[in-house]
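Please look at the protein and its ligand shown below, and keep the view open while you read. The report begins at the ligand and then moves out to the rest of the chain.

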Amino acid sequence: MEFFLDTADIEQIERGLEWGRVHGATTNPTLIARQGKAYLPTVQEIARLVPGPVSGEVLATDYEGILEQGRRLAGLADNVVVKVPLGPPGLRAVRQFAEEGIRTNVTLCFSAAQALLAAKAGASYISPFVGRLDDLGEEGMALIEAIVEIYGNYGFSTGVLVASVRNPQHVVIAARLGADVATIPFKTLEQLYQHPLTDRGLEQFLEDWRKTGKGFDDP
Ligand code: G3P
């Protein structure tokens with residue numbers, strides 16, 4: 001499973017890349033607005049930094065507008081994937097983008113039916129939002145299970161990109177279910193590394209050695 005960072009914050013992206021486990025990135029209008037920067041240049045800057053796919057979302061909601069903005073996003077860099085909202089105009093545009101060789105990430109997916117439609121349209125990725133389903137009292141990860149099963153049944157090549165990830169459990173369950181990608185907020189990426197027993201164990205190891213009064217190279 002690949003890890004993408006779900007952020008438009010350049011410092012977070014640089015740190016995630018430095019740690020070495022981040023392959024791609026996903027953005028959305030909310031994340032870019034939070035940075036207070038221009039839209040297209042932000043996607044372009046992220047695409048320059050990140051080696052793998054970088055999702056940049058169209059702001060248009062009509063077919064022609066989605067096509068126009070999507071082509072401009074895809075033109076920013078080879079690794080830009082055009083993020084398109086679910087719905088008839090979006091999925092129609094996904095089909096056209098596929099014919100043009102432009103990769104797409106269909107976003108705001110909340111049902112297996114929507115994921116099936118996206119795959120049939122030829123989407124490169126589907127983004128089911130698990131955290132937002134949990135917020136409604138539904139089980140977000142059950143949607144991932146259903147999509148993985150359906151895509152497996154028919155051999156769809158659309159990648160399952162688990163989005164709206166809120167905690168390490170989302171990432172672990174996504175991996176157990178065989179999802180292709182988890183796009184992870186920076187805070188959750190940090191949490192993946194952490195366990196209180198790791199910290200306590202390390203403290204104990206170092207404390208025990210300190211008691212010997214010897215250094216690393218002392219005989
Ligand atoms: O990738 C989609 C993600 O950014 C949505 O996350 O936490 O706003 O539901 P959230």
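Which residues are around the ligand? They are Asp6, Asn28, Phe129, Arg132, Ala163, Ser164 and Arg166, where a residue is counted as near a molecule if one of its heavy atoms lies within 4 Å of it. This is a predicted model, in which local features need pLDDT of at least 70 and side-chain atom pairs count only at pLDDT 80 or more, while totals for chains, interfaces and linings use all residues. Residues are numbered from 1 along each chain as its sequence is written, and side-chain values use heavy atoms, with hydrogens and water left out.

**The ligand and its surroundings**

The shell around the ligand divides into 2 nonpolar, 2 polar and 3 charged residues; in this scheme Ala, Val, Leu, Ile, Met, Phe, Trp, Tyr, Cys and Pro count as nonpolar, Asp, Glu, Lys and Arg as charged, and the others, Gly among them, as polar.

| Side chain | Ligand atom | Distance |
|---|---|---|
| Arg132, N or O atom | oxygen | 2.6 Å |
| Ser164, polar atom | oxygen | 2.7 Å |
| Arg166, polar atom | oxygen | 2.9 Å |

Taken alone, the ligand exposes 310 Å², and the protein buries 81% of that; such accessible areas come from the Shrake-Rupley method with a 1.4 Å probe, and for residues only the protein chains shown count as cover. The ligand sits in the largest pocket. A pocket is found on a 1 Å grid over the protein atoms alone, as an open set of points with protein on both sides within 12 Å along at least five of seven lines, and a molecule sits in a pocket if more than half of its atoms lie within 2 Å of its grid points.

Ser164 is found in the loop between strand E7 (159-162) and helix H9 (168-177); helices (H or I, at least four residues) and strands (E, at least two) are DSSP runs, numbered from the N terminus. With a relative accessible area of 10%, Ser164 is buried, since buried means under 20% relative accessible area, exposed over 50%, and partly exposed in between (1.4 Å probe, protein chains only). Besides its contact with the ligand, the side chain of Ser164 reaches the backbone nitrogen of Arg132 at 3.1 Å.

Most residues other than glycine have a negative phi. Ser164, although it is not a glycine, has a positive phi of about 60°, and Leu108, also not a glycine, has a positive phi of about 65°. Leu108 has its place in strand E5 (residues 104-109) and counts as partly exposed because its relative accessibility is 33%.

**The wider protein**

The protein contains 11 helices and 8 strands, and its C-alpha atoms fill a box of roughly 70 × 35 × 30 Å, taken along the principal axes. Of its 219 residues, 43% are buried.

Phe110 is found in the loop between E5 and H6 and counts as partly exposed, at 31% relative accessibility. Phe110 and Phe129 are 19 residues apart in sequence and 6.3 Å apart in space, C-alpha to C-alpha, and Phe129 is one of the residues around the ligand.

From C-alpha to C-alpha, Ala113 and Ala146 are 9.7 Å apart in space and 33 residues apart in sequence.

Val181 lies in strand E8 (residues 181-184) and is buried, at 1% relative accessibility; its C-alpha atom is separated by 9.7 Å from that of His23, 158 residues away along the chain. Ala179, placed in the loop between H9 and E8, is buried as well, with a relative accessible area of 5%.

Methods. A polar contact is a pair of N or O atoms within 3.5 Å; within protein, one must be able to donate a hydrogen and the other to accept it, and residues adjacent in sequence count only if both atoms are side-chain atoms. On a 1 Å grid over the protein atoms alone, a cavity is a set of points where a 1.4 Å probe fits but cannot get out, and a pocket is an open set with protein on both sides within 12 Å along at least five of seven lines; lining residues have an atom within 4 Å of a point.
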